[in-house]
Amino acid sequence: MSAHTHDDLNWAAKLPSMRRADALFEKALRDVAERLVRDLPAQATVVDVGCGSGGMSRALASALACRGGGTLVLLDAVAELLHAASEAARSASDATVADADSVDAPVVAPVRVRTVLADAGRSDLPALLPEADLVWASSVVHHLPDQQKAVGSLAAALRHGGLLAVAEGGLAARCLPWDLGVGEPGLEARLISVREAWFGELRAGMKDVVRMPYGWGAALGKAGLSGISSFSYLVDHPAPAAQLVSDFAVERVTWLAETAGDKLTAGDHAAVQSLVDPNSADYLGHRADVHLLSASTVHCGWRR
């Protein structure tokens with residue numbers, strides 16, 4: 001692996017998959033970024049924690065450029081991902097400035113992009129970052145052993161008046177019809193259920209893991225934030241969908257089945273093999289009823 005992560009997953013190897021997801025989530029993330037930066041001060045400093053392949057980094061860079069620029073700090077523990085996110089953010093900033101005549105904004109200016117190679121679970125994380133007007137962390141904190149401590153650390157990186165936005169939870173992505181005509185109906189629901197059990201075992205096996213037996217809004221409150229709120233955003237690519245959605249579905253089903261391992265029945269494994277095999281008559285990539293529907297929740301709190 002290129003870097004240590006608490007879940008021992010090889011995130012650098014997932015870069016192509018993450019870029020595919022970024023493309024499918026692009027419009028939704030753009031709307032979220034615009035919503036989050038709307039009330040920030042001019043020349044705001046925004047931190048994208050666990051930036052991954054840069055889907056939200058791109059959206060934040062464009063949103064900041066449309067309000068006169070600012071500083072975007074990208075943090076990740078994996079060098080390959082940090083590089084990809086940095087390129088995505090700079091490209092988005094440059095493209096927004098170049099297209100300024102068609103942007104409905106009073107002032108458009110470049111965004112300064114900085115990178116920090118570090119683990120989001122570090123106890124000294126706030127010292128590595130500038131005081132931020134917005135800290136964004138999507139699907140990051142649940143990978144860390146002590147989730148409440150991590151939320152507290154993210155909150156400490158805010159300047160007074162700053163906003164923490166933690167995207168965690170929601171509804172798992174759905175891509176398949178209930179009855180595929182291959183194996184028993186309800187395959188996707190079983191794959192998702194087994195994946196949830198797998199993740200519970202993964203968390204239980206983390207070193208120094210600490211349970212957080214309450215919701216994310218409560219966690220933000222315990223971190224000293226106020227004005228706690230949440231909202232959810234939808235990603236909807238209905239059938240018949242583009243090839244990108246079919247590719248996403250094939251890869252997702254493959255990953256879910258690999259995660260499930262021997263927790264799936266032999267019949268479900270056989271069905272998956274048929275569905276993800278390009279040479280099979282049952283191949284998902286040949287179906288017109290594959291789609292993508294998911295809902296993600298963002299939990300917000302202010303440092304007063």
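Which residues have the most contacts inside the largest nonpolar core? The views below come from a predicted model.

**View 1. The largest nonpolar core has 62 residues.** Leu36, Met56, Leu60, Leu72, Leu134, Trp136 and Leu292 have the most contacts inside this core.

**View 2. Leu292 and its contacts, leaving aside neighbours within four places in sequence.**

**View 3. Seven strands form an open sheet with mixed pairing.** The strand order is β3-β2-β1-β4-β5-β7-β6. β3 (111-117) and β6 (226-237) are the edge strands, each pairing on one side only. From one strand to the next, the twist averages 20 degrees.

**View 4. β6 and β7 (residues 292-302) run antiparallel.** The two strands are joined by 10 bridges. Ser296 in β7 stands opposite Tyr233.

**View 5. Helix α2 (residues 55-65) on the sheet.** α2 lies across β1 (45-49), β2 (70-76), β3 and β4 (132-138). The helix runs at about 170 degrees to β2.

**View 6. Helix α9 (residues 266-275) and its buried residues.** Asp268, Ala271, Val272, Ser274 and Leu275 are buried. Seen down the axis of α9, these residues fall within an arc of 160 degrees, so they line one face of the helix. They pack against α6 (187-204) and α8 (243-260). The face turned away from the buried side carries exposed Ala266 and Gln273.

Terms used: Residues are numbered from 1 along each chain as its sequence is written. This is a predicted model: local features need pLDDT of at least 70, side-chain atom pairs count only at pLDDT 80 or more; totals for chains, interfaces and linings use all residues. Side-chain values use heavy atoms; hydrogens and water are left out. A nonpolar core is a set of buried Ala, Val, Leu, Ile, Met, Phe, Trp, Tyr and Cys residues joined through side-chain atoms within 4.5 Å. Buried means under 20% relative accessible area, exposed over 50%, partly exposed in between (1.4 Å probe, protein chains only). Contact means heavy atoms within 4.5 Å. Helices (H or I, at least four residues) and strands (E, at least two) are DSSP runs, numbered from the N terminus. The arc is that of the directions from the helix axis to the C-beta atoms. Two strands pair if DSSP finds at least two bridges between them. Axes are lines fitted to C-alpha atoms, for helices over the stretch in contact, and angles run from 0 to 180 degrees between N-to-C directions.
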